[in-house]
Amino acid sequence: MRPLAVLASRVRYEEKRIFAALERREVPYTHVDTRRFSVELGDTAGGGPFFAAALNREISHSRALYASLLLEARGVATVNRSDVIEMCGDKLRTSLALERAGVPSPRTAVALSPDEGADAAERLGFPVVIKPLAGSWGRLVAAAHDRDTAEALLEHRAALPSPVQHIVYLQEFVDKPGRDIRMIVAGDDVVGATYRYSDSWRTNAARGGRSKPCPLVPELVAAALAAARAVGGGVLGVDLVEGPDGPLVLEVNHAVEFQGFQAAHGDTVDVADAIVAYAISAAEQNDDHVPLREAQ
Amino acid sequence: MTRTCPECEGPVELAEPVRLSEIAQCADCSSELEVVGLDPVSLALAPEIEEDWGE
């Protein structure tokens with residue numbers, strides 16, 4: 001029986017919890033360090049998929065995307081799939097998917113050059129949040145409360161060497177109550193939700209946001225599941241803010257971190273086990289319904 | 001398990017089971033370290049954060 005692969009170049013709290021969950025369930029698995037992973041195209045001498053499924057926990061977006069793409073080409077079920085990783089790794093693609101699916105999100109505008117960005121921000125209305133199209137942990141996300149600030153921020157953006165950084169993604173500044181909400185979705189199930197509090201307007205856990213349990217009220221569950229479905233589904237971290245008329249989806253993360261989330265929930269939720277359960281079901285669906293555990 | 005920090009030679013505590021590519025932090029110098037070998041367990045400075053890292 002082929003093992004389940006866990007793709008990760010960096011074994012953090014989350015990956016250790018996932019390994020432990022796999023071991024508790026007696027699921028055969030292989031940790032694949034993506035920095036040491038290569039595939040020759042057209043080489044099928046191995047006789048088919050290397051793994052029953054791959055749980056992609058790679059921290060580098062580029063390596064995560066191409067690892068899933070390569071493994072899918074070999075018939076390996078991936079969690080998450082490359083199309084989902086590509087979607088979640090691009091805020092504009094995500095926003096368009098949310099818009100198509102009718103998922104409420106903050107008003108958003110995109111300008112295709114920094115010069116146009118200030119006018120687009122003006123039309124959206126200050127204050128606005130200027131975000132990079134790609135990136136995580138709140139990096140390079142800035143709030144502009146007036147046109148002068150926006151122009152200064154965009155001038156810096158224009159000086160960055162990557163052309164992608166010259167695409168300007170703007171969102172209305174939602175006056176949230178000192179917190180946002182992180183929800184973790186695995187397939188059709190919501191694993192749980194936390195409030196993330198911060199003294200800063202950026203509440204990312206990576207920036208020191210503090211997590212506390214958030215009740216799973218129906219409108220949050222519906223929004224999280226709709227957002228997850230809109231980007232293609234899988235194991236996802238959905239970030240929301242409480243808008244005046246209900247939850248607004250900010251973004252969907254394909255490689256969800258959950259240390260603060262798990263600490264907030266204690267023993268009442270086991271995120272790693274929920275992720276493993278989803279990966280096992282993906283493997284079993286892809287492998288003639290052979291249960292992983294019975295095939296050892 | 002205790003190993004020596006390759007940066008400051010301070011003691012670094014690792015919880016068992018130790019995993020390859022595991023990240024640890026030196027309590028003395030705050031360096032971020034990576035487990036690069038298991039037999040014996042050895043540490044090196046962890047890679048710097050890259051632009052495309054994240055969730």
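In this predicted model, chain A contains an open sheet of five strands, arranged in the order S11-S10-S9-S12-S13 with antiparallel pairing. From one strand to the next, the twist averages 35°.

Within this sheet, strand S9 (residues 179-186) of chain A and strand S12 (residues 235-243) of chain A run antiparallel and are joined by six bridges. One of the residues concerned is Ala186(A), whose bridge partner in S12(A) is Val235(A). Helix H7 (residues 218-231) of chain A lies across S9, strand S10 (189-197), S12 and S13 of chain A, and it runs at about 35° to S13(A).

Elsewhere in chain A, helix H6 (residues 147-159) has 13 residues, which at 1.5 Å a residue should span 18 Å; the end C-alpha atoms are 18 Å apart, in agreement with that expectation. Ala150(A), Leu153(A) and Leu154(A) of H6(A) are buried. Because these residues cover an arc of only 100° around the axis, they lie on the same side of H6(A). Asp148(A) and Ala159(A), on the other side of H6(A), are exposed. The cover over the buried residues of H6(A) includes helix H5 (114-124), strand S6 (128-131), strand S7 (142-144) and strand S8 (168-172) of chain A.

The contact between the chains takes 22 residues from chain A and 10 residues from chain B. On the side of chain A that touches chain B, the elements giving two or more residues are helix H1 (13-24) and helix H2 (61-73) of chain A. That side of chain A has eight nonpolar, nine polar and five charged residues.

Technical notes. Residues numbered from 1 in each chain as written. Chains lettered and ligands numbered in written order. Predicted model: local features only at pLDDT ≥ 70, side-chain atom pairs only at ≥ 80, totals over all residues. Pairing = 2+ DSSP bridges. Helix = DSSP H or I, 4+ residues; strand = E, 2+ residues; numbered from the N terminus. Axes fitted to C-alpha atoms, helices over the stretch in contact; angles between N-to-C directions. Contact = placed C-beta atoms within 7 Å. Nonpolar A, V, L, I, M, F, W, Y, C, P; charged D, E, K, R; others polar. Expected span 1.5 Å × (residues − 1). Buried ≥ 20, exposed ≤ 12 C-beta atoms within 10 Å, placed from the backbone. Arc of directions from axis to C-beta.
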